[in-house]
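Please look over the sequence and the structure below before reading on. The paragraphs that follow lead through a few places one after another.

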Amino acid sequence: MKRDDLNHPAIQGNKWHKLRLNLDQARKQGTLRLITFGGAYSNHIAATAAAAKTFGFETVGMIRGDELANCPQKWSPTLLTAQANGMQLHFMSRQAYRQKEDPAFLRQLQEDFPNSFILPEGGTNELAIQGFEAVIDQLDQQCPTWSHLYTAVGTGGTLAGLVKMSQRNPVSVRALFGIATLNQADYLRESISHLADNRANTAHHSVTWQLLTQYSSGGYAKTTEACLADQRWFETNFGILLDPIYTSKMVHGFLEEMRLQRIPPNSKVILYHSGGLQGRPEDTDQENEVKTD
Ligand SMILES: Cc1ncc(COP(=O)(O)O)c(C=O)c1O
């Protein structure tokens, strides 16, 4: 397991890699404020708020769901922590939130908050993709003969970054697998191909990738008994905590693929721990937070 849950004390996992070069760029441009988008349980919102506090930016979070605006008693631990880290929270109706990539809307946002650096929802942009170079460089040193890698997929930016950076200097045949955490995630293949500059399963690449959509376990922020059982088994046997939304599904998907004997003998498998532990409920009774179907 590549333990990127340990890679930074405040900005954990894939978030650190996605944000690192964006923060450098924001600083180079002389911007004072980061603005980004997310839902009430978004690890990206939590990480951006922590990064802004650590590196001295102001920060604004555009949060999906205007029903939360005047109800701080209903705020998730993620939102409360983000606010405690100095993030100004702006709640948007679900309809308005759909404009989050609309150029006219983003221009207006720049006018409303001058001298700001806008990060997209989930933090996936070109600099975020580039940020995964460091992960692949470390893996190539730590386990040079790795052949398979499993990672959790939300927007697909992390998988795309790992694929793109693996094919920079392909030393051997490598297969990367994304475990989709949302239902009906097939639509993500196109953007992952685009971001990674790599079409899935094309024979001429020594680096191939697949999006596995059958382990989403009920969809975003839901889970199943089978997934929870694999999470408990993994945590008990290896003493490594997983988060309920992303990494538990990644481990569940990997274990299922192994049971189905889809992983050839002698493979060197990396499980990418992308962090997210801030989203783990304090007590281990995760059914309180994550619905079991
Ligand atoms: C802990 C964790 N792992 C994996 C992911 C998926 O990353 P991506 O959106 O790049 O697919 C996320 C996304 O928010 C996350 O928070």
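A221, with a relative accessibility of 21%, counts as partly exposed, because the partly exposed class begins where the buried class, under 20%, ends. This residue lies in the loop between β8 and β9 (222-223), and in this predicted model A221 has a positive phi of about 60° although it is not a glycine. As background, most residues other than glycine have a negative phi. N266 is a further case, for it has a positive phi of about 70° and is not a glycine either. The loop that holds N266 runs between α11 (247-259) and β10, and N266 is exposed, its relative accessible area being 78%.

How far can the coordinates be trusted? The mean pLDDT of the protein is 92, and 93% of its residues reach 70 or more. Over residues 283-289, however, the pLDDT is below 50, although this stretch has 12 contacts in the model beyond near neighbours in sequence. Where pLDDT is low, the predicted coordinates should not be read in detail.

From the loop that holds N266, the chain leads on to β10, which belongs to an open sheet of 5 strands with the order β1-β10-β6-β7-β8 and with parallel pairing. The edge strands of this sheet are β1 and β8 (207-212), each of which pairs on one side only. In general, strands of a sheet pair through backbone hydrogen bonds, either parallel or antiparallel. Between β6 and β10 the pairing is in the parallel sense and extends over 3 bridges, and H148 has V269, in β10, as its bridge partner.

In helix α7 (residues 133-142), the residues V135, I136 and L139 are buried. Seen down the axis of α7, the buried residues fall within an arc of 95°, so they line one face of the helix. An α-helix has 3.6 residues a turn, so residues three or four places apart point the same way. What covers the buried residues of α7 includes the strands β1 (2-3), β6 (148-153) and β10 (269-273), together with the helices α1 (14-28) and α8 (157-166).

At the N-terminal end, S42 caps α2, with a side-chain oxygen that lies 3.1 Å from the backbone nitrogen of H44. Just after α2, G56 takes a positive phi of about 80°.

Is α2 mostly covered or mostly open? Helix α2 is mostly covered, since 10 of its 13 residues are buried. Among the buried residues of α2 are N43, H44 and I45, as well as T48 and several alanines, including A46 and A52. These buried residues pack against α1, β2 (33-38), β3 (58-64), α3 (77-84) and β4 (87-92).

Is S76 buried or exposed? S76 is buried, with a relative accessible area of 3%, and, not counting residues up to four places away in sequence, S76 touches A40 and Y41.

Definitions and conventions: Residues are numbered from 1 along each chain as its sequence is written. Side-chain values use heavy atoms; hydrogens and water are left out. Buried means under 20% relative accessible area, exposed over 50%, partly exposed in between (1.4 Å probe, protein chains only). Helices (H or I, at least four residues) and strands (E, at least two) are DSSP runs, numbered from the N terminus. The arc is that of the directions from the helix axis to the C-beta atoms. Contact means heavy atoms within 4.5 Å. A polar contact is a pair of N or O atoms within 3.5 Å; within protein, one must be able to donate a hydrogen and the other to accept it, and residues adjacent in sequence count only if both atoms are side-chain atoms. Two strands pair if DSSP finds at least two bridges between them. pLDDT is the predictor's confidence in each residue, from 0 to 100.
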